[in-house]
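Here is a short tour of one protein model, written for someone new to structures. Keep the 3D view open while you read.

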Amino acid sequence: MQYILLGSAIILEIIATTLLKASEGFTKLLPAAGCIVFYILCFYMFSKALLSINLGVAYATWCAGGIVATTIISAAVFGQKINTIGVIAIVLIITGCIILNLFGTSAD
């Protein structure tokens, strides 16, 4: 259940961040309002996930998921380019997150 909450927080954060870009500096009301609502929901879900997931693991997973998905969305939706170094960096982020989840914490 805790990883469903964490996954939900990641998805909500991705939506909120995409709406943040679409709000054009909070000059467009609907995307700006949606951004705020989705960030509130995101932090609520994240706080619930933290009740049973180690903070370091949860935060690294949340950040990595958001970074990777947002990078893909920025390229697909907003036409922003990513170069080879960027792809390598994303692979390293994912690898680091996997290692942290598997080996980075001690059992309680």
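## A salt bridge and its loop

Let's start with a pair of charged side chains: K28 and E24 meet in a salt bridge, 3.2 Å from N to O. The term stands for a side-chain nitrogen of Lys or Arg within 4 Å of a carboxyl oxygen of Asp or Glu. K28 has 40% relative accessibility and counts as partly exposed (buried means under 20% relative accessible area, exposed over 50%, and partly exposed in between, with a 1.4 Å probe and protein chains only).

E24 sits in the loop between α1 and α2. Its phi is near 50 degrees, a positive value in a residue other than glycine. F26 lies in the loop between α1 and α2 too, and F26 also has a positive phi, about 60 degrees, although it is not a glycine. At 43% relative accessibility, F26 counts as partly exposed.

## What kind of model this is

This is a predicted model: local features need pLDDT of at least 70, side-chain atom pairs count only at pLDDT 80 or more, and totals for chains, interfaces and linings use all residues. Residues are numbered from 1 along each chain as its sequence is written, and side-chain values use heavy atoms, leaving out hydrogens and water.

## The overall fold

So what is the protein built from? It has four helices and zero strands, and reading along the sequence gives the pattern α-α-α-α. Helices (H or I, at least four residues) and strands (E, at least two) are DSSP runs, numbered from the N terminus. Along its principal axes, the C-alpha trace spans about 45 × 35 × 15 Å.

Of the protein's 108 residues, 28% count as buried. Among contacts with a separation of 6 or more, 65% are between residues 24 or more positions apart (contact means heavy atoms within 4.5 Å).

## Inside: the core

Which residues touch the most other members of the largest nonpolar core? They are L6, I10, F46, A49, I53 and W62, out of 14 residues in that core. The elements giving two or more residues to this core are α1, α2 (29-49) and α3 (55-76). The largest share, six residues, comes from α1. A nonpolar core is a set of buried Ala, Val, Leu, Ile, Met, Phe, Trp, Tyr and Cys residues joined through side-chain atoms within 4.5 Å.

Take A49: leaving aside neighbours within four places in sequence, A49 is in contact with Q2, L5 and L6.

## A buried charge

E13 belongs to helix α1 (residues 2-22). This residue is buried yet has no salt bridge, and the nearest side chain of opposite charge, K21, is 15 Å away. For charges, Lys and Arg count as positive and Asp and Glu as negative, while His and the chain ends are not counted. What does E13 contact, leaving aside its neighbours within four places in sequence? The partners are Y39, C42, W62 and G66.

The protein exposes about 6900 Å², and carbon and sulfur atoms supply 74% of it. Accessible areas come from the Shrake-Rupley method with a 1.4 Å probe; for residues, only the protein chains shown count as cover.

I94, I98, I99, L102 and F103 make a nonpolar surface patch of about 530 Å². Patches are made of residues with over 30% relative accessible area and no salt bridge, with like charges joined within 9 Å and nonpolar side chains (Val, Leu, Ile, Met, Phe, Trp, Tyr) within 5 Å. F103 lies in helix α4 (residues 84-103) and is exposed, with a relative accessible area of 67%.
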